[in-house]
Amino acid sequence: TISTVSGEKNPIVGKFGSFGGKFVGEVLISPLAELESEFNSVLLDHDFKMEVETALRDYVGRETPLYHAQKLTDHYKNINGEGPEIYIKREDLSHGGSYKMNNVVAQAILAKRMGRKSIITATNMLRKPSNVQLMELLGAQKVTKSIKQRKKVKVKPVEGSFQAAASESTREWISNLQTGYYLAGTAVGPHPIPTMVREFNSVIGKETRRQAMEKWGGSPDVLVACVGTGCNALGLFHEFVGDKNVRMIGVEGGGVGTNTGGDQLHSASLVRGEVGVYHGAMCYLLQDEQGQITKTQSIASGLEFPGVSPELSFLKDAGRIECYTVTDQEALDAYKRVCRLEGIVPALEASHAFAYLEKLCPKLPHGAKVVVNCSGTGYNDAATVLNS
Amino acid sequence: ATSITKPSSLTYPRSSFSQSSLTFNKVSTFRPKSLTVSCVMTQQPEAAAQSTVLRPDSLGRFGKFGGKYVPETLIQKKRKELDSILRDYVGRETPLYFAERLTEHYKRPNGEGPEIYLKREDLNHTGAHKINNAVAQALLAKKLGKERIIAETGAGQHGVATATVCARFGLKCIIYMGAQDMERQALNVFRMKLLGAEVLKNQICIVVSTVVLEDYTILVRAVHSGTATLKDATSEAIRDWVTNVETTHYILDVRLIGVEAAGFGLDSGKHAATLTKGEVGVLHGAMSYLLQDDDGQIIEPHSISAGLNTRWEIARRAGQIGWLMGRNKFMSPFANCLFSLVIIYKNAAFKRLSRLEGIIPALETSHALAYLEKLCPTLPDGTKVVLNCSGRGDKDVHTAIKHL
């Protein structure tokens with residue numbers, strides 16, 4: 001079934017090994033079940049698929065290119081002129097400037113099918129005040145950015161962190177179960193949310209497979225993506241999970257400190273977290289000795305998330321993916337490097353993936369094909385970079 | 001005959017808009033001082049005026065417009081390489097998107113109306129159509145063995161697009177930007193810096209020194225001569241090019257044309273409606289419509305969106321449009337309604353597309369979108385309208401919010 005990871009021994013719907021599940025209050029059990037059944041039925045629905053495909057093509061601008069980054073490739077060549085070939089999956093070219101639109105569009109179409117009139121969601125607005133203006137400018141009617149709003153766009157600021165916003169929007173959903181649709185923007189949540197979000201983002205990996213075949217007649221050797229909650233990484237990785245020869249690397253936010261640990265704040269749930277329940281799912285998360293969720297920090301606000309996708313948590317334990325961290329400074333250096341060498345401005349989140357190339361490439365055999373997910377554009381990160 | 005009024009006190013004329021008829025009485029020339037190449041003025045063409053095929057003749061003329069007034073017009077064809085870059089780097093082809101809700105908006109009470117399609121140039125790498133031109137010209141420059149690229153920019157979009165391709169192709173790049181524009185578009189200046197630019201604030205920028213740098217660096221020079229806007233920057237750019245023609249390629253910017261910015265109204269004298277209100281002259285190497293006063297001096301255009309602030313048409317496109325205008329085919333339906341339309345509805349158009357389609361258009365694009373309000377009621381049922389969504393409007397949110 002689609003809700004599990006390929007190769008899993010005794011798959012249980014909604015669980016990835018011991019991760020995942022539905023740790024929610026009673027009141028949400030039935031709406032989640034309805035969502036799950038609706039989701040399963042649209043997966044087999046040709047009309048739904050066509051509608052999503054058309055929207056992805058004409059509205060979002062898919063397929064996104066798999067771009068051979070010649071200058072980055074040259075940068076990583078050793079003295080003998082040997083090194084891997086770097087390819088960039090250009091999710092920065094999507095409408096909205098990131099991969100997030102894939103999931104949002106598909107869920108919006110799903111919501112319409114279910115006859116829902118309003119969309120509710122939560123977003124992290126830290127350090128991105130201009131996004132609030134953008135949200136206010138856009139209506140919520142057709143496709144929404146992941147913000148906490150009703151149909152006529154009311155951006156309600158919530159005191160505190162993203163967790164607070166998520167809780168608040170869940171409350172909003174519960175009081176509007178008939179007409180409201182909770183649009184999950186992250187891969188962390190009770191079943192079926194992790195599966196849904198992954199499935200709707202998996203178009204990234206499917207395109208990559210086809211494009212790789214066209215370009216070099218094979219599969220990628222290494223996939224690299226940044227990990228906040230894990231949706232862009234899963235979007236790229238999922239297609240290749242069964243291909244044992246494809247290495248998968250997730251890169252998390254190491255924050256201000258060093259990559260070896262210490263007391264500094266960071267956002268590395270997979271690398272330094274422990275297992276617990278977060279937002280209704282069993283997953284790796286950052287908590288203190290009392291089991292309280294710790295504060296997270298990263299120069300890339302999209303990576304600041306204490307939990308991480310249950311599916312990625314499972315893949316980490318199974319040894320299928322490798323996870324590393326990269327510091328704020330390394331990410332900033334990567335941002336500037338990619339700008340300068342390729343004229344592409346990666347989001348600070350994606351810059352973490354690019355930063356890891358510094359450690360990865362010297363160890364790769366000559367001609368290895370590396371695909372980096374440029375999950376979004378860093379056009380709006382210019383101010384942050386300027387101030388750093 | 002229409003005369004252009006000199007800018008006076010800023011009254012906001014709403015109804016006193018006079019019919020603009022196109023005259024060709026005044027032809028004066030404007031030459032940059034240190035131009036070392038000769039300009040060829042075209043003569044009256046013969047049968048070209050009758051032809052409906054818009055191809056230039058061997059001298060690059062469209063009727064009496066266009067022409068080769070600049071030293072270099074080599075065109076090479078490297079289609080395959082260009083196509084690959086347009087596909088994998090720029091992200092072409094861009095979708096032709098059926099705007100269902102915009103179409104609904106323009107349906108008449110009986111349910112009839114045109115169908116609106118948007119050509120999504122906003123989805124290109126760098127968020128506007130400008131990169132298409134920049135990429136092709138960068139390839140051309142490399143083919144010609146040039147190491148240095150110069151370009152001028154108004155809003156900064158062309159500058160960013162040029163800086164982008166120079167980073168990608170490893171070319172030295174110099175971008176000229178007026179000091180006023182640099183202030184208005186500070187974030188774009190920063191972006192050019194991120195792409196390798198070094199901002200040099202020169203008091204006077206006339207002679208270009210060939211600075212040899214370790215890495216490929218892009219220089220953005222503040223032009224303080226004249227009124228410090230695109231017009232001055234462009235003159236500087238030409239001076240640079242002419243001085244360094246051996247090593248340097250000038251990436252020309254093909255400007256947005258078709259719907260012009262009426263600023264404070266066509267009669268106020270404070271507008272940028274070159275094609276509607278201008279007269280024929282030569283600027284920057286091509287005969288085109290200019291805004292001139294009675295002494296043949298260029299009048300400073302005015303508009304809220306910096307990219308439409310100047311109408312200095314260098315490329316053949318200008319000649320083409322001018323030719324069409326001369327044939328009264330193109331702009332006359334615009335002339336009457338452009339004034340109130342653009343002032344009142346541009347910001348509304350910006351907001352409308354955002355709300356109805358979730359696409360935030362550039363303010364420049366919003367001018368074209370505004371015209372739909374006037375156009376659609378006149379179109380028969382089922383007419384297919386394609387509107388060029390030339391750029392995205394993230395850059396304009398701060399400006400637009402103030403006026404909404």
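Modeller: Start with strand β7 (residues 222-226) of chain A, which runs parallel to strand β8 (residues 247-253) of chain A and is joined to it by 5 bridges. Two strands pair if DSSP finds at least two bridges between them. Helices (H or I, at least four residues) and strands (E, at least two) are DSSP runs, numbered from the N terminus. Within this pair, A:Val224 stands opposite A:Ile249 in β8(A).

A word on the model. It is predicted, so local features need pLDDT of at least 70 and side-chain atom pairs pLDDT 80 or more, while totals for chains, interfaces and linings use all residues. Residues are numbered from 1 along each chain as its sequence is written, chains are lettered from A and ligands numbered from 1 in the order written, and side-chain values use heavy atoms, without hydrogens and water.

Now widen the view. β7 and β8 belong to an open sheet of 6 strands in chain A, ordered β3-β4-β12-β7-β8-β11, with mixed pairing. At its edges are β3 (66-68) and β11 (321-326) of chain A, each pairing on one side only. Neighbouring strands are turned by 25° against each other on average, direction ignored. Axes here are lines fitted to C-alpha atoms, for helices over the stretch in contact, and angles run from 0 to 180 degrees between N-to-C directions.

Helix α12 (residues 328-342) of chain A packs against helix α13 (residues 348-360) of chain A at about 90°, with the axes 7 Å apart. They are therefore roughly perpendicular, a label for angles of 65 to 115 degrees. Contact (heavy atoms within 4.5 Å) involves residues including A:Leu332 and A:Tyr335 of α12(A) and A:Phe354 of α13(A). The contact residues divide into 8 nonpolar, 2 polar and 4 charged. Ala, Val, Leu, Ile, Met, Phe, Trp, Tyr, Cys and Pro count as nonpolar, Asp, Glu, Lys and Arg as charged, and the others, Gly among them, as polar.

Finally, chain B. The contact takes 37 residues from chain A and 40 residues from chain B. About 3400 Å² is buried between the chains, 57% of it from carbon and sulfur atoms. Buried area is the accessible area (1.4 Å probe) that two parts lose on being put together, summed over both. The count between the chains is 1 salt bridge, meaning a side-chain nitrogen of Lys or Arg within 4 Å of a carboxyl oxygen of Asp or Glu. B:Asp88 forms a salt bridge with A:Lys215, with the closest N and O atoms 2.7 Å apart.

Conventions
Angles under 35 degrees count as roughly parallel, over 145 as roughly antiparallel, 65 to 115 as roughly perpendicular and the rest as oblique.
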